[in-house]
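Q: I'm new to this one, and I'd like to go through some of its side-chain contacts. Could you take me through them?

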Amino acid sequence: MDIDKLFKVPRLPTGSKRKMPDNPTPEMLKKMRLDTPSNGDSEDSNMDVYMPESSSAPRRQSRRATVEDGDDEMVDTSFAPGGDADYFVEEDEEGRFYGGGLTSEQKQILSIFESAEGEGTTEDPEGISITSIRRTLLKFERAVNKNQDQRSKYPDDPSKFIDSEADLDSALKSLLSLAQSPVLAYPELVRSGSVSLLIGLLSHENADIVIDVVDVIHELTDEDVGNELEDEEEQEEAQVALKTLIEALLENSILELLVDNLSRLNETEESDRQGVFHILGVFENMLGFNPDLSLILVSKTKMMNWLLNRVQSKTHDENRGYSAELLSILLQNNAANRQDFGKKDGVEVALNVLSQFRRRDPVNADETEFMENLFDALCSALAEPEVKSFFLASEGVDLMLLMMREKLQSKSRAIKTLDYAMSGAAGTVICANFVEALGLRTLCAAFMGKGSKKSKSNAPIATSEDTSHILGIISSLFSNTPSDSPDRIRLLAKFVENNYEKTDKLLEERENARNRLKVVDAEIETEKKETLADGGEIESEDEDLFYLRRLEGGLFTLQTVDYILAWVVMEDDGIRGHITQMLERKNQYLKDIISTLQIYRDNLEADTQSNGAATDHAPEGRALSQKEILQHLIDFLRECS
């Protein structure tokens with residue numbers, strides 16, 4: 001059969017014919033009639049149409065077609081231009097027609113091709129039923145069994161099992177549609193045992209099949225599953241179904257198998273690179289659904305090792321960026337993962353990778369996100385005292401100071417990292433190292449917004465976030481630097497030099513924070529009045545939420561500034577007089593600082609980590625807790641006011 005001939009559009013008749021007006025009337029269309037050829041000639045036969053009697057044009061011997069002649073059902077469809085099979089069929093009540101452009105034979109052949117192409121396509125989500133789901137799962141099960149059977153019989157002859165592998169590939173792709181109906185599909189997927197079959201294919205000899213399986217799992221565990229449902233109850237049912245599926249996947253050791261496949265896939269191949277991307281996506285989906293899985297992922301697999309190796313890649317790509325993001329997620333709220341990060345030289349790796357941004361900015365938004373995720377991972381890890389020791393040993397303080405001096409995009413992240421590293425009692429040694437490395441000069445320059453002569457003209461100015469972290473560093477220095485030590489004297493000297501300019505900057509930041517807090521306090525007071533007017537009550541939970549809003553609205557900055565001011569007031573008489581004078585100009589007094597510190601103290605937990613500040617009030621052999629330090633500062637300010 002010649003396919004080209006079948007799909008070739010027939011030629012139009014070449015004889016003299018009446019041209020149709022541009023906009024024919026319905027009456028004109030019904031009057032037109034093809035004269036049936038006596039010899040049954042093919043496409044080249046001429047057509048004779050009705051013409052007015054006044055016309056002198058020559059005509060073949062034929063009967064004239066009139067409106068009364070025959071029923072519409074007896075119309076000879078061979079008249080249709082090009083033999084269009086739908087020319088006379090699709091006619092509406094106003095006489096308009098819409099031809100399809102295909103002959104009957106062509107339509108039949110096209111229908112055959114469409115049927116063949118439709119065999120492997122997914123079903124319309126609206127038409128998914130429990131019956132269609134079971135049929136899909138049965139097809140998948142048969143494809144798996146057939147492929148296993150063929151591979152076991154002919155392990156050395158791919159030609160024998162290649163067809164079954166293609167069927168398996170098609171069956172796996174058909175599972176993607178199940179994500180459109182999680183409430184029906186997921187429980188059936190678990191009940192039928194298809195989850196075990198699916199996980200088993202992660203050990204398949206063909207990497208392409210493994211990638212197909214990863215794609216299916218990635219789609220089924222997507223965090224947006226069920227979100228398109230309008231009914232909240234249906235959304236909750238979808239989340240329950242997703243939980244059932246994830247638990248079944250975990251029972252079949254999916255985390256271990258996926259991590260094993262990370263080293264198996266070759267990322268120089270595009271398909272394998274996409275496979276790795278989707279594996280990381282599966283981990284993110286599961287961690288988003290249950291953050292506690294981060295401990296299992298790190299403790300029972302080699303995931304941490306793989307991530308640390310992947311971020312060290314010399315060339316940047318999407319998988320490298322995704323690895324840094326997943327690393328920051330794993331370290332967010334898990335102390336065990338942070339400690340594991342430190343034990344596996346994670347601090348050294350992170351600092352080595354970040355060192356490239358000391359002299360250059362990221363080239364694009366993706367690399368910027370990569371840098372920020374790596375800094376975030378490092379900051380999370382620095383919450384552990386052991387990691388602070390690794391940071392100090394890897395000369396992290398020196399690298400962060402170099403980044404601050406270069407004033408590139410990494411500057412803000414370096415300030416944040418130092419704030420995390422120097423906080424708490426475990427940051428005492430790092431604070432000493434910071435002062436020894438001449439960090440006070442760099443810190444004060446950043447605090448005052450001064451740039452070095454070597455800095456670029458387009459260097460970013462300090463942001464409110466930078467200022468907050470700078471204040472955090474200064475607060476840690478006062479808390480962790482021993483009294484009467486050379487480092488302490490150098491720190492206090494910074495607030496005296498240049499006619500108390502650093503002290504004035506503190507007071508300026510205090511005033512800005514107070515103004516922001518006034519706005520928030522007014523909003524909260526209005527909300528309280530409205531609640532009470534409506535007959536409601538202000539509960540303890542509401543008070544906690546109000547306090548958090550006040551912290552975000554300027555109270556946190558105000559507390560930090562007043563904490564620093566209290567220290568300098570207590571330790572230097574000259575600074576005390578200057579601060580008192582400047583506060584009175586704003587109708588503020590030391591008692592206002594006391595009020596702020598009392599709020600700070602009252603909202604601290606009883607077991608707040610102690611700081612390393614050595615004061616005359618500290619019991620021998622123990623450093624004062626943050627709460628105790630605040631109380632001593634309050635007592636001293638009361639004596640002065």
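A: Let me start with a term we will need: a residue counts as buried when its relative accessible area is under 20%, and as exposed when it is over 50%. Please also keep in mind that this is a predicted model.

Q: Okay, so is Glu188 buried or exposed?
A: Glu188 has a relative accessible area of 7%, which is under the 20% limit, so Glu188 is buried.

Q: And which side chain does Glu188 meet in a salt bridge?
A: Its partner is Arg191, with 2.3 Å from N to O. Both residues lie in helix H6 (residues 182-191), where they are 3 residues apart, about one turn of the helix. Arg191, however, counts as exposed, at 58% relative accessibility.

Q: How many salt bridges are there in the whole structure?
A: A search of the whole structure finds 30 salt bridges. One of them joins Arg338 and Glu384, whose closest N and O atoms are 3.2 Å apart. That pair links distant parts of the chain, since Arg338 is in helix H15 (residues 335-343) while Glu384 is in the loop between helix H17 (365-381) and helix H18 (385-393), 46 residues apart. Both Arg338 and Glu384 are buried.

Q: Which residues are linked in a network of salt bridges?
A: Such a network links Glu372, Asp376, Arg413 and Lys416.

Q: Switching topic, how many aromatic pairs turn up?
A: The search of the whole structure finds 5 aromatic pairs. In one of them, the rings of Phe478 and Phe495 have their centres 5.9 Å apart and their planes at 45°, so this pair is tilted. Phe478 belongs to helix H23 (residues 464-480), whereas Phe495 sits in the loop between helix H24 (486-493) and helix H25 (497-533), so the pair ties together parts that are 17 residues apart in sequence.

Q: Are those two buried or exposed?
A: Phe478 counts as buried at 0% relative accessibility, and Phe495 is buried as well, with a relative accessible area of 3%.

Q: Which residues form the aromatic cluster?
A: Phe478, Phe495, Tyr563, Trp567 and Tyr600 form one aromatic cluster.

Notes: Residues numbered from 1 in each chain as written. Predicted model: local features only at pLDDT ≥ 70, side-chain atom pairs only at ≥ 80, totals over all residues. Heavy atoms only, no water. Phe/Tyr/Trp six-rings, centres within 6.5 Å; stacked < 30°, edge-to-face > 60°. Helix = DSSP H or I, 4+ residues; strand = E, 2+ residues; numbered from the N terminus. Buried < 20%, exposed > 50% of the residue type's maximum accessible area, 1.4 Å probe, protein only. Salt bridge = Lys/Arg side-chain N within 4 Å of Asp/Glu carboxyl O.
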